[in-house]
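Reader: Could you walk me through this structure slowly, please? I am still learning how to read these.
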Amino acid sequence: MNAPIKFSMTANVIEVGTWPEFARGCEQDGFDALMVPDHPGSFASPFVALAAAATATDTIRLGTNVVNAGMWEPYLLAGEVATLDLVSGGRALFGIGAGHTPAEWTMQGRAHPSAAARVDRMIEVTDTTRRLLAGETVTFDGDHVRLRDAVLTRPRPVQEQIPLLVGGSGPRVVRYAATTADIVGFSGLGRTLPDGRNHETRWGRDQIDAQVEVVRDTAAKAGRDPAFEALVQHVEITDDAEAACARFAEDIPTTSAAELLSAPYVLIGTVDELVTELREHQKRWGFNRFVMRAPARAAGAQLLAALG
């Protein structure tokens with residue numbers, strides 16, 4: 001029997017109208033989690049937004065998709081995550097990534113680190129933050145993180161272990177996620193384009209096959225079975241999927257309409273076609289979770305209802 005397919009919603013407070021109503025609506029629609037990105041200067045503060053959502057909801061998970069590890073120190077980050085878990089009654093989900101947008105560093109007068117350095121820091125921040133959340137007293141001397149007898153006495157999280165989502169696309173990130181995370185977040189994206197914000201896409205079936213195989217093999221060797229989640233860039237319910245994909249592909253020079261019809265990162269078609277497609281993504285690649293952006297909320301609710 002197929003495992004249930006779950007949807008998460010990622011949203012910017014500034015763009016959805018009344019935030020408490022949006023959060024309650026996502027919960028009523030059946031979304032498993034409400035997530036907030038971490039892009040200082042262009043998005044609302046994630047933990048403030050999530051704490052506000054916690055007061056308006058009862059059951060939906062609340063998390064970051066994803067914290068930019070380059071912007072945070074573990075001691076402060078652990079306090080934010082633990083506070084969110086406390087005020088939400090144990091619904092926090094800790095999502096983290098290496099970060100990519102150069103301006104988030106340069107606007108602070110800092111050099112934009114290399115990809116390798118960003119991943120190194122993400123690993124150090126994630127590992128030490130989790131240790132603090134677990135109640136350990138942490139002394140650590142890394143290349144990017146230094147702690148001296150650090151302990152998170154208060155607040156303590158409600159959950160014994162807060163679920164960890166690691167999101168990204170590079171080989172080291174997904175291998176680390178396979179050995180560490182509860183949820184591996186597949187972004188389907190490649191290198192950052194010259195505009196500093198958008199990315200190449202890696203939506204070919206052979207590209208997805210290769211990445212999923214790496215994660216599966218790494219997780220199996222570690223004796224783990226994390227959930228797989230795809231970041232969906234566009235959802236459109238239509239009777240003419242081919243025409244819609246052709247239009248969408250015009251704005252994305254690194255993909256094709258054919259890739260859009262088969263990739264888990266774009267969902268275009270009738271409700272019945274998309275339910276079939278979601279099951280195919282689950283069967284072929286193991287995607288049991290899909291995270292959507294706010295404009296797709298109504299379409300996501302239709303698909304959740306059809307999935308049962």
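Reader: Which residues of α2 are buried?
Author: This is a predicted model, and in it the buried residues of α2 are P46, F47, A49, L50, A53, A54 and A56.

Reader: And what covers the buried residues of α2?
Author: The cover includes α1, β2 (33–36), β3, β4 and α3.

Reader: How do α2 and α3 sit against each other, in terms of the angle and the distance of their axes?
Author: Helix α2 (residues 46–56) and helix α3 (residues 74–87) have axes that cross at roughly 10 degrees and come within 9 Å. Because angles under 35 degrees count as roughly parallel, α2 is roughly parallel to α3.

Reader: Which residues make that contact of α2 and α3?
Author: From α2 there are F47, L50, A51 and A54, and from α3 there are L77, E80, V81, L84 and V87. Sorted by class, the contact of α2 with α3 has eight nonpolar residues, no polar ones and one charged one.

Reader: Now for α1 and α11, at what angle do they pack?
Author: Helix α1 (residues 19–29) and helix α11 (residues 297–307) pack at an angle of about 20 degrees, and their axes are 10 Å apart. That angle makes α1 roughly parallel to α11, and the crossing in which α1 passes α11 is left-handed.

Reader: Which residues of α1 and α11 make the contact?
Author: On the α1 side they are F22, G25, C26 and D29, while α11 brings R297, A301 and L304. By class, the residues of the contact of α1 with α11 divide into four nonpolar, one polar and two charged.

Reader: Changing topic, how many residues are in the largest nonpolar core?
Author: The largest nonpolar core has 88 residues, and those with the most contacts inside it are F7, L34, I96 and F287. Helix α5 (residues 115–133) gives the most to this core, with six residues. As background, nonpolar side chains tend to be buried together in soluble globular proteins.

Reader: What is L34 in contact with?
Author: Leaving aside its neighbours within four places in sequence, L34 is in contact with M9, W19, F22, A23, C26, L50, A53, I60, R61, L62 and G63. Of these partners, F22 and C26 also take part in the contact of α1 with α11, and L50 takes part in the contact of α2 with α3.

Reader: Which residues does the second core include?
Author: The second core is separate and has six residues, among them M35, L93, L165 and I183.

Reader: What about A92, is it buried or exposed?
Author: A92 lies in strand β5 (residues 92–97), and A92 counts as buried because its relative accessible area is 0%, where the cut-off for buried is under 20%. Not counting residues up to four places away in sequence, A92 touches R61, L62, V81, L84, D85, Q159, I162 and P163.

Reader: And I208, where does that one lie?
Author: I208 lies in helix α7 and is buried, with a relative accessible area of 1%. Setting aside residues up to four places away in sequence, I208 touches R202, W203, A263, P264, Y265, W285 and F287. One of those, F287, is among the residues with the most contacts inside the largest nonpolar core.

Reader: What do the buried residues of α6 pack against?
Author: They pack against α5, β8 (164–168), β9 (183–186) and α7 (205–221). The buried residues of helix α6 (residues 171–180) are V173, V174, Y176, A177, A178 and T180.

Reader: Last topic, the backbone: which residues does a cis peptide bond join?
Author: A cis peptide bond joins R154 and P155, with omega about -5 degrees, and P155 is found in the loop between β7 (146–150) and β8. The peptide bond from N65 to V66 is cis as well, with omega near -10 degrees, and V66 has its place in the loop between β3 (61–64) and β4 (67–68).

Reader: What is the phi of D149, and is it positive or negative?
Author: The phi of D149 is positive, at about 50 degrees, although D149 is not a glycine. D149 lies in strand β7 and counts as exposed, because its relative accessibility is 58% and exposed means over 50%.

Technical notes: Residues are numbered from 1 along each chain as its sequence is written. This is a predicted model: local features need pLDDT of at least 70, side-chain atom pairs count only at pLDDT 80 or more; totals for chains, interfaces and linings use all residues. Side-chain values use heavy atoms; hydrogens and water are left out. Axes are lines fitted to C-alpha atoms, for helices over the stretch in contact, and angles run from 0 to 180 degrees between N-to-C directions. Helices (H or I, at least four residues) and strands (E, at least two) are DSSP runs, numbered from the N terminus. Angles under 35 degrees count as roughly parallel, over 145 as roughly antiparallel, 65 to 115 as roughly perpendicular and the rest as oblique. A crossing is left-handed if the near helix is turned anticlockwise from the far one by less than a right angle, and right-handed if clockwise. Contact means heavy atoms within 4.5 Å. Ala, Val, Leu, Ile, Met, Phe, Trp, Tyr, Cys and Pro count as nonpolar, Asp, Glu, Lys and Arg as charged, and the others, Gly among them, as polar. A nonpolar core is a set of buried Ala, Val, Leu, Ile, Met, Phe, Trp, Tyr and Cys residues joined through side-chain atoms within 4.5 Å. Buried means under 20% relative accessible area, exposed over 50%, partly exposed in between (1.4 Å probe, protein chains only).
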